[in-house]
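Please report on the structure shown here. Keep it brisk, and give the cut-offs behind each term.

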Amino acid sequence: MQMKTLSLLVAGALATLGAHAAGVTDKMIENDAKTTGDVLSWGLGQEGQRYSPLKTINAGNVGRLVPAWSFSFGGEKQRGQESQPLIHDGVMFVTASYSRIFALDAKTGAKLWKYEHRLPDGIMPCCDVINRGAALYDNLVIFATLDAQLVALDQKTGDVVWKEKIDDYAAGYSATAAPLIAQGLLLTGVSGGEFGVVGRVEARDPKTGNLVWVRPVVEGHMGYKYDKAGNKTENGVSGTPGKSWPGDLWKTGGSATWLGGSYNPKTGLAYFGAGNPAPWNSHLRKGDNLYSCSTVAIDVKTGQIVWHYQNTPNDGWDFDGVNEFVTYDEGGKVLGGKADRNGFFYVNDAKTGQLVNAFPFVKKITWATGIDLKTGRPNFVSDNRPGDPTGSADGKKGNVVFSAPSFLGGKNQMPMAYSPDTKLFYVPANEWGMEIWNEPITYKKGAAYLGAGFTIKTLGDGPIGALRAIDPKTGKIAWEVTNNAPLWGGVLTTGGNLVFWGTPEGYLQAADAKTGKVLWKFQTGSGVVAPPVTWEDKGEQYVAVASGWGGAVPLWGGDVAKKVNYLEQGGSVWVFKLMK
Ligand code: CA
Ligand code: CA
């Protein structure tokens, strides 16, 4: 018996060693949300709930949270730091502005290696030189670059293992989202909706970078699949050509999938948001313009669109529908929540896409009076759509309208969190508006393709940002914590009854998840526009967040940018633990 026990132990140890040597596995990624010793995916799990069951740090003791270490990304390359760190095997992998990635000792902050991607002149990121994070697979760490490439590096050495071009940066393509791993595939989108690119989702072999399938999310484009030798065959057209786009506009239809995706193992579907249709001038493209401003659910096995739900048909306000679709279990069903740029919060059945609930999560919405739960369509306020320039006196500028939210959104790139304990979503929301008008435009490769002008406006002198705890069943706001500057960082919630989020004013802060009472905050030295993470190591719980003000607000924020122009740039990552 003793012999048998021993051999079992040896086998167990070998299996552990084997798993270790083999690196990050599909099983580990699928369990990421439950395993508290690592953070293997953007969203702390494929569903993107950003919930950790850890409660070592909790509402009772969070006041004792102090810095463990901080690391500077260095150089002159500061700007917006929107990255979510990953933690594996005692190492933190964190990306930074200008397509950089660092491997750091998670305990001490000591630098193990860095990789700086060589960027060509002429890249065209619309909204700052940011990056949102990496993916881990096997012995690789994989991230996307501003010149629309994917780079896979050896986790131990930082050596480049493979590099693949997604598309032509000179045509306006770029990439900033963290890749998603699902069913052993690496899923990525594209940025460039302001340049008339064609939005799509691509699946690759994460070990080689070889394409497996491509699914365009502009109706009318052909999908493809690839065999092991790289031979390409047709895999069905997305939607019905000519149905929701007039003329040839679908060829440069935008719908950029720039925030990446989430995945639910129960449905087998990957959920990607598709951004604004191009150009912004909606009068040029009568119709729904699928799949712009939609959640698109794709069968990871086949690369086919299983369902779509369009949040803003025939968008005229740049209400990119890219916002993350976060799935959760309720009453034996898998549902998904999405706080859209257009100001409405949507709940869809994650299997079928059927709309379950929709309600505003910001106070002022001018473009629609509500969402019809029967038809799933918005009740538009047609007078509040920016006017057609062809109907104006000189044909050059359509009616100017005041619109809320602004195109920077009721919520933008900053990912929300969902707590299965409180059953609330924690949404970083903003209250602002814009003056917007349309102009004539024709497509030119590599040039901005808007056909619109705009100025972002405040809605008064009060706070712009608000972290809101939202009940997806009732649409009620359980609590909110307002913030003077617009919120631009993501959220983390934990089993310790805590919600963590950052502010442009530089604070990482924590509130009681049930009441919203702010219990702790720390000044990081620059604006926080990134989502925090947490993990444990030998019984000690850590919280980390990147700091560095930037992103779209200082670049495009109009009157709001002026209001917050005192905020300083930065570039660092902070790690916290409880004071002994
Ligand atoms: Ca984990
Ligand atoms: Ca856009």
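Asp32 counts as buried because its relative accessibility is 3%. Buried means under 20% relative accessible area, exposed over 50%, and partly exposed in between (1.4 Å probe, protein chains only). Asp38 is buried too, with a relative accessible area of 13%.

## Basis of the model

This is a predicted model: local features need pLDDT of at least 70, side-chain atom pairs count only at pLDDT 80 or more, and totals for chains, interfaces and linings use all residues. Residues are numbered from 1 along each chain as its sequence is written, chains are lettered from A and ligands numbered from 1 in the order in which they are written, and side-chain values use heavy atoms, with hydrogens and water left out.

Strand E34 covers residues 491-494. Strands (E, at least two residues) are DSSP runs, numbered from the N terminus. Val491 and Thr493 point one way, Leu492 and Thr494 the other, and all are buried.

Two strands pair if DSSP finds at least two bridges between them. E34 runs parallel to strand E1 (residues 51-52), joined by two bridges. Tyr51 stands opposite Thr493 there. With strand E35 (residues 498-502), E34 pairs in the antiparallel sense over four bridges. Here Thr493 stands opposite Val499. The hairpin of E34 and E35 has three residues between the strands, and Asn497 takes a positive phi near 60 degrees.

## Four-stranded sheet

An open sheet has the order E3-E4-E5-E6, with antiparallel pairing. Strands E3 (86-88) and E6 (111-116) are the edges, each pairing on one side only. Strand E5 (residues 100-105) pairs with E6 over five bridges. Ala103 stands opposite Trp113 in E6.

## Nonpolar cores

A nonpolar core is a set of buried Ala, Val, Leu, Ile, Met, Phe, Trp, Tyr and Cys residues joined through side-chain atoms within 4.5 Å. The largest has 78 residues; Met92, Phe500, Trp520 and Trp535 touch the most other members. Another core, of 55 residues, lies apart from it and includes Met414 and Val560.
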